[in-house]
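Reader: I am new to this structure. Please show me how to read its features, one at a time.
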Amino acid sequence: MDIKHAEQSPVSPSTIFLKDYRQPAYWIDQVELEFDLAAEKTQVKSRLTMRRNNTVASADTPLQLDGNELVLQAVSIDGKALSTAQYQVDDEHLTIQHVPANFILSIEVLISPEKNTALEGLYKSSRMLSTQCEPEGFRRITYFIDRPDVMSRYRVKLIADKQRYPVLLSNGNRLQQGDLPGGKHYALWEDPSLKPSYLFALVAGDLQHIEDHYVTMSGRNVALQLYTEAENIHKCEHAMRSLKQAMAWDEQTYGREYDLDIFMIVAVNDFNMGAMENKGLNIFNAACVLASPDTATDDDYYSIQSIVGHEYFHNWSGNRVTCRDWFQLSLKEGFTVYRDQEFSADLNSRGVKRIDDVNVLRNAQFAEDSSPMAHPIRPDRYMEINNFYTVTVYNKGAEVVRMIRNLVGAEGFRHGTDLYFSRHDGQAVTTEDFVAAMEQANKIELTQFKRWYNQAGTPQLQVNGQYDAAQRQYRLQITQSCAATPNQTEKLPFHIPVAIGLLDSNGRDLPLRLQGESNSSQTQRVLQLTRPQHEFIFEDIPARPVPSLARGFSAPVKVSIERSEDELAFLLAHDTDAFNRWDAGQNLALQELLRQITAYQRGEPMPEPLRLQDALLKVMQDNNIDKMLLSQILSLPSEGYLADQMSIVDVDAIFNARLFTRRYLAKQLFGEFERLYKINASNSKYEFNSQAMAARALKNVALGYLMETETPTVIEQCYQQYACANNMTDRQAALAILCHYNLPERKLALENFFQRFEHDAQVVDKWFALQARSRLPDCFLHVTSLMNHAAFSLKNPNKVRALISSFCMGNPVRFHRKDGAGYAFLAEQILALNKLNPQIASRLAKIMSRWQRYDSSRQELMQRALQRIKSEKDLSKDVYEIVSKSLVEN
């Protein structure tokens with residue numbers, strides 16, 4: 001990769017900078033690959049049709065190819081073998097000093113898939129061979145110019161033992177297949193599309209599949225195939241249905257049609273991420289594609305629908321138009337996350353989907369923005385690109401796309417995407433190209449808006465409203481600011497769209513006419529903030545209104561406005577915007593919880609949340625409210641979100657304040673919770689639809705509160721729901737609740753659950769995760785014992801996420817033990833994973849990156865754990881980058 005590197009010390013990896021981007025010195029027009037596949041040893045032969053890039057290279061420019069963990073067997077140019085004196089090989093590159101302007105480069109290497117525990121490149125998963133090449137895994141398959149702006153056409157021949165690997169898949173369309181001597185067979189695949197190496201894929205295994213078809217809007221018939229191991233074939237129908245829904249939605253919403261004759265999905269048990277959009281051959285983490293009512297929850301079904309959509313949408317936003325370099329990752333990921341969010345919103349509850357998306361931002365992305373790992377959605381530097389597959393790049397990136405859509409409107413956004421796709425089809429481009437298409441299609445100027453791509457941090461809006469009864473005017477003053485982040489101490493004003501409504505005393509939206517306008521019947525306006533301070537004056541307002549701000553979470557910002565509990569309760573009861581209605585309830589609960597936290601820290605009795613109780617009672621008695629929305633309203637702010645409201649995080653105070661509030665509400669509103677449980681209970685056959693999901697969600701939230709009373713009747717009710725449930729949603733909900741109580745029923749249910757599902761890897765992951773999130777005091781000791789369970793493996797990312805991540809990220813009060821044992825445990829697992837799978841190790845290391853937000857004792861203990869990791873010999877780039885940045889003090 002022709003990108004200049006900063007000077008490095010013997011111990012620290014180099015840093016790659018966006019400003020140093022250069023085109024590659026050589027292009028690869030055609031790629032021909034031949035694999036002789038086996039788990040122990042695979043031979044890879046590549047034949048690359050190459051040409052010099054005369055805009056940046058000369059006849060003296062050497063050819064440098066990327067490679068990692070490869071055993072080089074032979075190199076030739078135009079059929080002539082090179083001697084070892086004609087090339088150099090090191091741990092990361094193959095360099096040939098002299099090459100012609102146009103040539104055929106042939107390379108033979110050996111690789112060992114079964115030893116590839118990093119799960120990048122070609123690796124063994126269960127009884128199959130699979131690949132993961134994004135972002136830089138292809139260099140573990142063969143020597144190559146492994147960067148996204150090198151786009152080529154691929155022809156791939158796969159050879160393998162027919163009995164062990166009867167199914168041989170790769171990108172594109174299958175041209176040939178047949179038997180070979182020695183019990184082997186082959187398949188020849190060709191992808192007619194230009195693609196970068198990160199989109200290459202192959203799968204070889206003993207697999208079964210279900211098949212369907214889809215007729216595109218132009219009348220083409222596309223074969224749809226979903227592959228998995230035989231024992232999971234009954235779990236494929238929902239993913240297939242979701243795929244067809246995604247194909248239809250993309251045609252209707254964006255006019256985008258699928259372009260190959262076949263679309264394949266393969267479920268893989270060992271996978272670092274959720275799924276991968278390889279052209280025509282999507283490879284999925286099995287947990288993100290397999291579902292049946294008795295093994296998957298509503299959340300699983302919902303997530304599968306979203307992820308299948310996301311990967312399919314990448315066919316245009318990522319594959320046919322891809323990113324020029326990895327700094328542009330949000331170009332494909334942010335845009336595609338926005339697309340899958342809208343897909344899910346259209347198929348389910350739009351308001352609740354928005355709440356789900358914002359919860360991810362507030363609980364994870366805002367935290368990242370205030371950590372040593374803060375970065376813009378288009379970073380300007382990195383040591384290891386794997387560390388930038390983040391909620392900032394993905395989820396905040398989606399919010400930036402959403403803001404553009406809000407600024408130009410639905411029709412204007414469609415014009416912009418049409419221009420973007422038609423102009424850049426088959427190209428590797430940048431975020432500037434995306435914004436330029438929006439500007440040109442809508443005849444607007446977005447220069448200031450592009451600061452969202454370059455500036456890190458979460459903007460803060462300070463809002464003040466004043467009513468002038470004599471002038472019948474309401475003045476809204478808004479000030480924006482953004483705190484310093486690493487490498488960015490000063491921030492320029494952002495261009496922020498803020499959707500607003502004003503409610504009268506009856507909860508009706510008022511017409512909004514700004515000063516200087518002749519008339520307006522709009523009851524919602526999008527105010528555009530471009531300066532540090534703005535004042536907006538609304539005319540003909542008959543009485544003091546209640547402002548409804550940032551409706552639909554119109555921008556990824558924090559809004560600060562002084563509100564009374566009565567005003568928040570009013571918005572919770574009356575706001576016509578579903579998101580703001582929920583948000584008012586969250587803020588009301590937040591005020592109560594912060595008072596309780598303060599009382600707990602002072603050793604005083606915690607005040608009863610009387611106003612929250614009254615407000616929740618009213619919405620619980622609202623027969624017209626969306627049940628899914630009500631289930632969200634009844635859920636208290638998370639421990640992580642509460643922690644972000646404190647200058648010094650007190651995990652014990654947060655935990656006890658939430659527990660006190662839940663127990664108080666359970667006691668005071670017992671009758672209402674009991675009523676909600678009963679009217680939403682059902683023994684009907686499981687269906688995945690918004691109405692049935694909402695009823696189950698509300699019923700299980702009610703059961704969680706009822707169990708806080710720990711009465712024998714409710715305990716039996718909870719256990720019976722576990723034992724008699726006809727779907728995993730209700731069974732898991734009951735078990736999750738029981739896991740918080742030291743009861744005989746807890747032990748019985750956990751033993752029964754494992755015995756019932758011990759042969760289903762995805763369900764066993766649930767069993768680990770539920771125990772890791774238990775609030776019982778001995779949870780840490782229980783987690784350490786589960787590390788030795790026969791079903792647990794540190795080599796499987798899903799198991800690591802289920803047990804270690806669930807405990808360290810999802811159980812703050814037990815992880816942040818005062819003795820630091822949780823930190824020492826995490827450091828130990830990071831060091832073990834550093835040798836096996838650096839990607840997973842680095843993600844775990846981020847958990848301690850915000851150590852400075854805790855009390856001095858915990859700070860010292862976390863620093864000690866981080867220093868222990870940093871001092872490890874042979875630390876991977878992935879982990880070193882996270883740990884070294886985390887240890888830099890503000």
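**Reading the features**

Author: Start with exposure. Asn487 counts as exposed because its relative accessibility is 60%. The cut-offs are these: buried means under 20% relative accessible area, exposed over 50%, and partly exposed in between, with a 1.4 Å probe and protein chains only. Asn487 lies in the loop between strand E26 (473–481) and strand E27 (496–503). Its phi is near 70 degrees, a positive value in a residue other than glycine. Helices (H or I, at least four residues) and strands (E, at least two) are DSSP runs, numbered from the N terminus.

Reader: What kind of model is this, and how is it numbered?

Author: This is a predicted model: local features need pLDDT of at least 70, side-chain atom pairs count only at pLDDT 80 or more, and totals for chains, interfaces and linings use all residues. Residues are numbered from 1 along each chain as its sequence is written, and side-chain values use heavy atoms, with hydrogens and water left out.

Reader: Where is Ser126, and what is its phi?

Author: Ser126 is in the loop between E10 and E11. Its phi is near 55 degrees, again positive in a residue other than glycine. Ser126 counts as partly exposed because its relative accessibility is 33%.

Reader: Is Pro113 buried or exposed?

Author: Pro113 counts as buried, because its relative accessibility is 1%. Pro113 sits in the loop between E9 and strand E10 (121–125). Its C-alpha atom is separated by 21 Å from that of Ile265, 152 residues apart along the chain. A cis peptide bond joins Glu134 and Pro135, with omega about 0 degrees. Pro135 is in the loop between strand E11 (128–132) and strand E12 (151–161).

Reader: How do I read a strand? Which side chains of E3 point to which face?

Author: Go along the strand residue by residue. In E3 (residues 42–52) the side chains alternate. Thr42, Val44, Ser46, Leu48, Met50 and Arg52 point to one face and are buried.

Reader: Which strands pair with E3?

Author: The rule comes first: two strands pair if DSSP finds at least two bridges between them. Strand E2 (residues 26–36) runs antiparallel to E3, joined by ten bridges. A hairpin of five residues links E2 to E3. Ile28 has Met50 in E3 as its bridge partner. Strand E9 (residues 102–111) also runs antiparallel to E3, again with ten bridges. There, Ser46 stands opposite Ile107 in E9.

Reader: What is the strand order in the open sheet?

Author: Five strands form it, in the order E17-E18-E19-E21-E20, with mixed pairing. Strand E17 (208–215) and strand E20 (275–276) stand at the edges, each with a single partner strand, so one side of each has no neighbour in the sheet. E20 pairs with strand E21 (residues 281–285) in the antiparallel sense over two bridges. Met276 has Ile283 in E21 as its bridge partner.

Reader: How many cavities of 30 Å³ or more does the structure hold?

Author: A cavity is a set of points, on a 1 Å grid over the protein atoms alone, where a 1.4 Å probe fits but cannot get out; lining residues have an atom within 4 Å of a point. Grid points are joined across faces, edges and corners, and a volume is the space filled by probe spheres set on the points. The structure holds two of 30 Å³ or more. Helix H3 (329–347) gives the most, with four residues.

Reader: What lines the second largest cavity?

Author: Its volume is about 40 Å³. Among its lining residues are Gly585, Gln586, Leu612 and Pro637. Helix H9 (578–602) and helix H10 (610–620) each give two or more residues. H9 has the largest share, three residues.

Reader: Where does a charge sit over a ring?

Author: The test is NZ of Lys or CZ of Arg within 6 Å of the ring centre and within 35 degrees of the ring normal. The charged end of Arg339 sits over the ring of Tyr254, 4.6 Å from its centre. Arg731 lies over the face of Tyr722, at 5.6 Å from the ring centre.

Conventions
1 Å grid on protein atoms, 1.4 Å probe; cavity = no way out; pocket = protein on both sides within 12 Å on 5 of 7 lines; lining within 4 Å.
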